[in-house]
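Please read it with the structure open.

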Amino acid sequence: MTKNNLNRALGLGLAGILAAQGAHAVGKDIVIGDLDDLSGNYADVMGQGGIEAIRMAIADFGGTVLGRPITVLSADHQNKPDVGASKFREWADQNGLSVLMGGSNTGVNIAMAKVAADKKVPLFVVGAGGSSLTNEDCTAYTVHYAYDTTALANGTAAAVVKAGGKSWFYLTADYAFGTQLQAAASKVVEANGGKNLGAVRVPLAAADFSSFLLQAQGSGATVLGLANAGGDFSNSLKAANEFGITQTMKPAALLAFISNIHSLGLQTAQGLTLTTAWYWDLNPETRAFGKRFFDKMKAEPTMDHAGVYSATLTWLNAVKTAGTTDADKVMAQLHKAKISDLFTKNGYIRADGVMVHDMYVMQVKTPQESKYPWDYYKIVRVMPGEEAYGPITGLCPLAPKSTL
Amino acid sequence: MTTVFGIPVVVILGQLTLGLVNGAFYAMLSLGLAVIFGLMGVVNFAHGAFYALGAFAALVALQHFGIGYWPGLLVAPLCVGILGVILERLFLRHVYRLEPLYGLLLTFGLALMIEGGLQQVFGASGQSYPVPESLQGALNLRFMILPKYRAWVILASLSVCFGTWFLIERTRLGATLRAATENAPLLQAFGVNVPLLVAATYGGGVALAAFAGVLAAPVILVTPQMGASLVTVVFAVVVIGGMGSILGAIVSGLALGVVEGATKVIYPEASNIVVFVIMALVLILRPAGLFGRE
């Protein structure tokens, strides 16, 4: 046998092994997971609609990536960090999970981020807002995709102070998300020349908000900062209307989803300033997505629905470009990628994991201004991504402090 | 301005009045639980779900049948009460002779199914029920502005609570009901239809929860979970008042609402646990509850 023939034989053998590996891989589905509150307070914010949005993204992508079909796993984390973390671990160990979409609840997502780092599976946080996820609790595998408490505060608090709302009193949900939101807003209010007169920490899911609201009114502040979410947000705003507090204080929603505004009705919610990453009625592209989503879910999508759709596409694109689902290679690709779809036109993922993109400061329309169903917001201003998410703080060891 | 512990008296009065409003809900809900437990020995874990169901029944009546608030206040509890009777006949009657745990599990399962069903149909984020026109606006009580609707809640709840107490403790029907709990076979021997009586009791108990749900609908967002958080507090109220004691449920419901209101001024963070702290103290000092018979 000549040397040449030996080489050829070796080459053929190698090709055979590679082909066998390839064949093995083709038969295996790519698995995208979704852990969210599917039954509780936040189930309409993302919930079943989120799973539907992931499926829509997969369909739009063509149904396969790297020649392999894509399946979706979903489960209810019940707003319990231990449930979210153990389900994530189980999928990573037993189901060949390639990426996880994190739904609502900051506490649960902090627990899941630890699993992401441990198991080396990328986590796209879509439904949760706590900015600690890209600061103290950051990991190399976390992407904070749709919005965070920093961007919400920079949007709403700055807009309200500039419109003359100088003195603030906060109604704060007494858990990680609420306190992070209040802290972020307080900083923005002060930086813009406003004053923080105080706060009352309200237990989560309180049955009645009226007594806390009377305390807010007693403070003499002109702005009522609502540092809460979901049902707590809706019920506190409803009670503020009932007690006539909205006549002396201007309510500012630090986090409100379109589903909340829909359940409250414009009569109660009108005039409210809020910040959102996305709105269904921005342009023909968002309206088309809204219509597709509405046909399935009988409601217009929230920013989380559009966010999880976009997050799924972004990950699939990165996998396609990287040519692998290997977490480190995909993460490297994600940090290089420019994100442009119906969710955002100029998004990018920063070293600390924040997906920087423009945010919209909105005002809720009056019933007279609203012309058709779900016509709820008018744009106050579009806030550039860098302004919304601010400079890198340096609290995340993966990303040095920026002086931007 | 006069102050107590550095807090202006007007503020305290305002908060106590609001506490009374919340206490009115606690009283109505714990009353229903006490009636069901007292006469049937069943710990009705589905009580919060029936409360939510009452609110949704009123909402559907308004949106789909044009039945307004006032008739809704009768129609919704009636429908929920009938559903209660049906559920009692179908499921609950089979567990009376078993350990109390079975009734508890059964009603807990019912609660999950009712809340899950509501969520399936109406979604999780809830809907608004408008305040009836005749009760819009507010009363100026000098120390506070009280929305008329909240004043009506106190009035309606007190009337219903004491009406129920009177029915059970002071009428012939009530005497028959109480006799059924003492010795059902003997009462049946006298020709009284005891199973019907028990079914009606369960229906009445859950109708009370539904009534509270309709009363709450204009105040808070109507969501499938609206009863879930409330019912834990209400169970504590029943334990404090004494399991099965009707007067105990009413009085401790109102009183705990007021205590909670005071806590909201002094230390807001503790307002959701103060009731449980009191429950722990009562269980240590008077295990049968404040109004319970040892």
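How many residues of chain B are in contact with residues of chain A? In this predicted model, 27 residues of chain B are in contact with 33 residues of chain A, where two residues are in contact if their C-beta atoms, placed from the backbone, lie within 7 Å. Helix 1 (9-40), strand 4 (145-147), helix 9 (226-241) and helix 10 (246-266) of chain B each supply at least two residues of the side of chain B that touches chain A, and helix 1 of chain B gives the most, with five residues. By class, that side of chain B has 10 nonpolar, 15 polar and two charged residues; here Ala, Val, Leu, Ile, Met, Phe, Trp, Tyr, Cys and Pro count as nonpolar, Asp, Glu, Lys and Arg as charged, and the others, Gly among them, as polar.

Because this is a prediction, local features need pLDDT of at least 70 and side-chain atom pairs count only at pLDDT 80 or more, whereas totals for chains, interfaces and linings use all residues. Residues are numbered from 1 along each chain as its sequence is written, while chains are lettered from A and ligands numbered from 1 in the order in which they are written. Helices (H or I, at least four residues) and strands (E, at least two) are DSSP runs, numbered from the N terminus.

**Sheets of chain A**

Six strands of chain A form an open sheet in the order 2-3-1-4-5-6, with mixed pairing, two strands being paired if DSSP finds at least two bridges between them. Strand 2 (64-65) and strand 6 (142-144) of chain A are the edge strands, each pairing on one side only. Strand 6 of chain A runs parallel to strand 5 (residues 123-125) of chain A, to which three bridges join it, and Phe124(A) stands opposite Val143(A) in strand 6 of chain A. Helix 3 of chain A packs on this sheet, touching strand 1 (30-36), strand 3 (68-76) and strand 4 (97-102) of chain A, and the direction of helix 3 makes about 175° with that of strand 1 of chain A.

An open sheet of three strands in chain A has the order 12-13-14 and antiparallel pairing; the edge strands are strand 12 (338-339) and strand 14 (355-356) of chain A. Two bridges join strand 12 of chain A to strand 13 (residues 347-349) of chain A, and Gly347(A) in strand 13 of chain A is the bridge partner of Ile339(A).

Strand 7 (residues 167-173) and strand 8 (residues 195-202) of chain A run parallel and are joined by seven bridges, with Ala199(A) in strand 8 of chain A as the bridge partner of Tyr170(A).

**Helix packing**

| Helix pair | Angle between axes | Axis distance |
|---|---|---|
| helix 3 (residues 81-94) and helix 4 (residues 106-119) of chain A | about 25° | 8 Å apart |
| helix 6 (residues 172-182) and helix 8 (residues 194-216) of chain B | roughly 110° | within 11 Å |
| helix 9 and helix 11 (residues 274-285) of chain B | roughly 30° | within 9 Å |

Angles under 35 degrees count as roughly parallel, over 145 as roughly antiparallel, 65 to 115 as roughly perpendicular and the rest as oblique. The angle in the table therefore makes helix 3 of chain A roughly parallel to helix 4 of chain A. The contact between helix 3 and helix 4 of chain A includes Phe88(A) and Arg89(A) of helix 3 and Met112(A) and Lys114(A) of helix 4, and by class it has eight nonpolar, two polar and three charged residues.

In chain B, helix 6 and helix 8 are therefore roughly perpendicular to each other. Thr176(B), Leu177(B) and Ala180(B) of helix 6 of chain B meet Val194(B), Leu197(B), Val198(B) and Thr201(B) of helix 8 of chain B, a contact with five nonpolar, two polar and no charged residues.

Helix 9 and helix 11 of chain B are therefore roughly parallel to each other. Among the residues in their contact are Val233(B) and Ile240(B) of helix 9 of chain B and Phe276(B) and Met279(B) of helix 11 of chain B, and the residues of this contact divide into 11 nonpolar, no polar and no charged.

Conventions. Axes fitted to C-alpha atoms, helices over the stretch in contact; angles between N-to-C directions.
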